[in-house]
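Please find below a colleague's note on the model, arranged as numbered points.

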Amino acid sequence: MAALDQTQVKDGVDQETVDAVAAISTYKYGWDTDIEMEYAPKGVNPDIVRLISEKNEEPEWMTEWRLQAFERWEKMDEPDWAMVNYPEIDFQDQYYYARPKSMEVKPKSLDEVDPKLLATYEKLGIPLKEQMILAGVEGAEDMPAEGRKVAVDAVFDSVSVGTTFQDELKKAGVIFCSISEAIKEHPELVKKYLGTVVPVTDNYYATLNSAVFSDGSFVYIPPNTRCPMELSTYFRINAENTGQFERTLIIADKGSYVSYLEGCTAPQRDTAQLHAAVVEIIVEEDAEVKYSTVQNWFPGDEEGKGGIYNFVTKRADCRGDRSKVMWTQVETGSAVTWKYPSCILRGEESQGEFYSIAITNNYQQADTGTKMVHLGKNTKSRIVSKGISAGKAQNTYRGLVSMHPKAKDSRNYTQCDSLLIGSECGAHTVPYIEVKNNSSRVEHEATTSKVDDDQLFYCRQRGMDEEEAVALVVNGFCKEVLQALPMEFAMEAQQLVAISLEGSVG
Amino acid sequence: MALPEMKQSATDARLGTLTLPEGGCLSTARHAALSRVQTMGLPTRRDEYWKYTRPDTLVNAELVAAEVFTSDEAPMFDGFDRLKIVFVDGVFDADASDDLSLEGITVERLIDLEAKDIHWATDLYGVLEARGQTPVERPLAALNTAFAADGIAIHVTGKPSKPISFIYKHLDANSDSILHHIVRVDTGAEATILENGPAAARFNNVMEIDVADGGKLHHVRAQGRDHERRAATHVFTRLGAESVYKSFTLTVNGVLTRNEQVIEINGDDAIAHVAGACVGDGEFHHDDTVFITHDALNGESRQVFKKVLRNGATGVFQGKILVKEGAQKTDGYQISQSLLLDDDSQFLAKPELEIYADDVACSHGSTSGAIDEEALFYLRSRGVSASEATDLLTLAFLAEAVDEVEDDAIAEALVNRLEGWLARRR
């Protein structure tokens, strides 16, 4: 909090907003679990790649796939175009595989899982017992039992600890398991889809991930199925000097629907840790996927020491006509964020949406945004991005909207707003707009400001005092994005953002 | 750091075709610029800043010839009372130009002033260009500083009675010209600079403008209609306290145009407006790249760019507002819009904000789309023909940019010219 206490607050940004942002900087999930771990030797080379593949008991084709990725990665350069600065990463000074000793023999059910691991998730507020619902969700008691269930895949460092509600999901035909399990149990699906949205050669971090990913989640929703509950993966980094490289593959077959949630935390440590994930989503005809993230990796301390370097490649491929994908993210953690959840709108009338709140404080740096690539006719996309920067943080929106010549009658609307609190932080907008046909319409708007005077004036004209007016305006600043979150996350997000100041005035 | 091989060989090849004018008081600046070019290398299509515009024909050692375009139109600004400074294929033409003496300004040819030991030009020539090389490199401008064969130095000391008008004639299909002008506007002085004409088959033009406290400069350009010409222009402007710089550029046709404007607001309460309208038809690539840096209090900047494109034309806009730490109360506005009249044309934009001060209001907008069908229907239902209605809506679309021109007579001349061109194309 020290850094913010010294921050000069400008007129118009009210104290509660400042406090709320400051509260986020006191990281609640900074403790670690004392558990015996098993590591692969430090560094990355073909032997490590083979070792990871072996630990996951993978078939030969998967090992080959990884090795090819590694070979490619060695020839690539780390990208430097993002507006983030960090000391050079020594990729050989990291552990690429770490699993709790007790996970050596994979537990058959959650009952067999090491209680220490279960306690970890319990402490994080993640229910791994199937009868439990998420604690603290407002109004959850009033909802029918069916609606409250959330299936969780819990990933601890390099391995999946367990996945809940698997049986019930199986009845609906839904496959929800760890990716390592999927490679063994459903090789035909993995083979068909893995690397088709984010190719092995896509970018430096995605290629590295392809070589060394240790675990992650796999989801398959069969045709015309509405997934009976929300699915969720909770990522926890615990071990020191260990990179987490998870891979998520979601396939929504024709006419299906799924809502997927992702959460992440890590202990408070002095040294920075690497996290390079890849998420691939395939959306077939008439299918819809909602993907929501609350990213709360350890952001580093007030001096900017430690924290997670979060280099993530997330992409959805709307292959089928009338398919739809919606990304919602609340980014409050990580020392460095490099993340652009994207939509390839290939199917006719497919839709992509991106809602994002990124809050940076102290020395955090976030370079995040989205790509909307319109390839099919009548495709639609909407981008709403809210960046709040405080302390000495830098917050960048970077995005691409591309209308290909064949994407006739398509539509994009982009709104990026930035709010600055304190005079030492920065807010930046770097949109790329490429329009190659004339029947499509693209609109981009961005603003950077403190609280808008016109809006304040409007409120004051209607009899509100200054404080009330500010509260209302700031509340409205994030609301569009918060409302897009599923209820299960709304609570956590609201606590995190805490900028919704409802009821706090008057 | 060594340059990539391709870039090195292209740079070497181009530099090999040019001769640096030796001796004179600008020699130091020219050599410094040459070493900048050698360090940076000339742009290639792999450079991020040239993502949307291929620089090869602007850079290559070999020149692409451009047929001289003849037209029955009267040249732009004809009939205006102005001080004419004429260049033919990049060489000053004293006979065609007016007598260069006018109250309130001093006009000198670079070649003449270089013979002097002490001249204010040494404080400006290549100075703003060098400052403009960070954070983004502009190698073509450094190349210009090193090799410019001709150019004019204007010192505005008062309020001259008429505009200073640069006229660039193109008569040689193989002309490859490099011009460099410097303009110093003293405290409280005010002037208008006009530029028009196609200039050369390949034209590299740099203008460095230093406006002192309370100074004002209006700058209106009409780029020539030669269909095959290629141009890379840079305007570097530095603004003192309470100074004003307002610029407008009209571009109609030309195979390739890259206009870079680099503005530094260094004094408090300064105003910078940059606007542009372009009409592209057929093989046409037009790129407006604007970089405005706010480094003082209460600065105001506006960027208004409108592009009408058809028959495969490409419009590019790269605009940036950089607000440095401490540049509080900055008001930055940027709008870039394109009207695509058919499916073959394209608009590529990168409107950026980079902000390090919290008490500012900055916004940008960018839109692209076809002509409004409802508006078209409205006009047609009132008996206006389809082509006339399209022209009317096109003019209305461009009006917001032309409105940025303060002088009514000049604005009217620009609108007339646009109307003429639109009618001609029907």
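1. Two residues are taken to be in contact if their C-beta atoms, placed from the backbone, lie within 7 Å. On that basis, among the contacts in chain B with a separation of 6 or more, 85% are between residues 24 or more positions apart. The model is a predicted one, and the remarks that follow should be read accordingly.

2. Overall form of chain B. The chain contains nine helices and 19 strands. Along the principal axes, its C-alpha atoms fill a box of roughly 70 × 50 × 50 Å. Of the 426 residues in chain B, 53% are buried.

3. Contact between the chains. On the side of chain B, 32 residues are in contact with 31 residues of chain A. Strand E18 (346-355) and strand E19 (361-369) of chain B are the elements that give two or more residues to this side. E18(B) supplies the largest share, 10 residues. By residue class, the side of chain B that touches chain A divides into 14 nonpolar, nine polar and nine charged residues.

4. Which strand of chain A pairs with E19(B), and in what sense? Strand E24 (residues 441-449) of chain A does so, in the antiparallel sense and over eight bridges. Within E19(B), Gly365(B) stands opposite Glu445(A).

5. Nonpolar core. The largest nonpolar core has 248 residues, and the members that touch the most others are Val219(A), Ile281(A) and Val289(A). Leaving aside residues up to four places away in sequence, Val289(A) touches Ile250(A), Ala252(A), Val258(A), Tyr260(A), Ile281(A), Val283(A), Ala316(A) and Val325(A). In soluble globular proteins, nonpolar side chains tend to be buried together.

6. An unreviewed UniProt entry lists residues 171-226 of chain A as "domain: SUF system FeS cluster assembly SufBD N-terminal". In the model this span is 43% helix and 16% strand, and its end C-alpha atoms lie 12 Å apart.

7. Backbone details to check. Most residues other than glycine have a negative phi, and most peptide bonds are trans. Asn224(A), which is not a glycine, has a positive phi of about 50°. Its place is in the loop between strand E6 (217-221) and strand E7 (230-236) of chain A. Asn224(A) counts as partly exposed because it has 13 C-beta neighbours inside 10 Å. Glu242(B) likewise has a positive phi, near 55°, and lies in the loop between strand E10 (230-239) and strand E11 (244-252) of chain B. With 18 C-beta neighbours inside 10 Å, Glu242(B) is also classed as partly exposed.

8. Cis peptide bond. The bond joining Thr134(B) and Pro135(B) is cis, with omega about 0°. Pro135(B) is located in the loop between helix H5 (127-131) and helix H6 (139-147) of chain B.

9. Position of Glu374(B). This residue is found in helix H7 (residues 373-381) of chain B. Is Glu374(B) buried or exposed? Glu374(B) counts as exposed, because it has 8 C-beta neighbours inside 10 Å and the cut-off for that class is 12 or fewer. The C-alpha atoms of Glu374(B) and Asp344(B), 30 residues apart along the chain, are separated by 22 Å.

Key
Residues are numbered from 1 along each chain as its sequence is written. Chains are lettered from A and ligands numbered from 1 in the order in which they are written. This is a predicted model: local features need pLDDT of at least 70, side-chain atom pairs count only at pLDDT 80 or more; totals for chains, interfaces and linings use all residues. Helices (H or I, at least four residues) and strands (E, at least two) are DSSP runs, numbered from the N terminus. Ala, Val, Leu, Ile, Met, Phe, Trp, Tyr, Cys and Pro count as nonpolar, Asp, Glu, Lys and Arg as charged, and the others, Gly among them, as polar. Two strands pair if DSSP finds at least two bridges between them. UniProt positions are given in the numbering used here, feature names are shortened, and annotations may be inferred rather than shown by experiment. A residue is buried if 20 or more other C-beta atoms lie within 10 Å of its own, exposed if 12 or fewer, and partly exposed in between; C-beta atoms are placed from the backbone. A nonpolar core is a set of buried Ala, Val, Leu, Ile, Met, Phe, Trp, Tyr and Cys residues joined through C-beta atoms within 7 Å.
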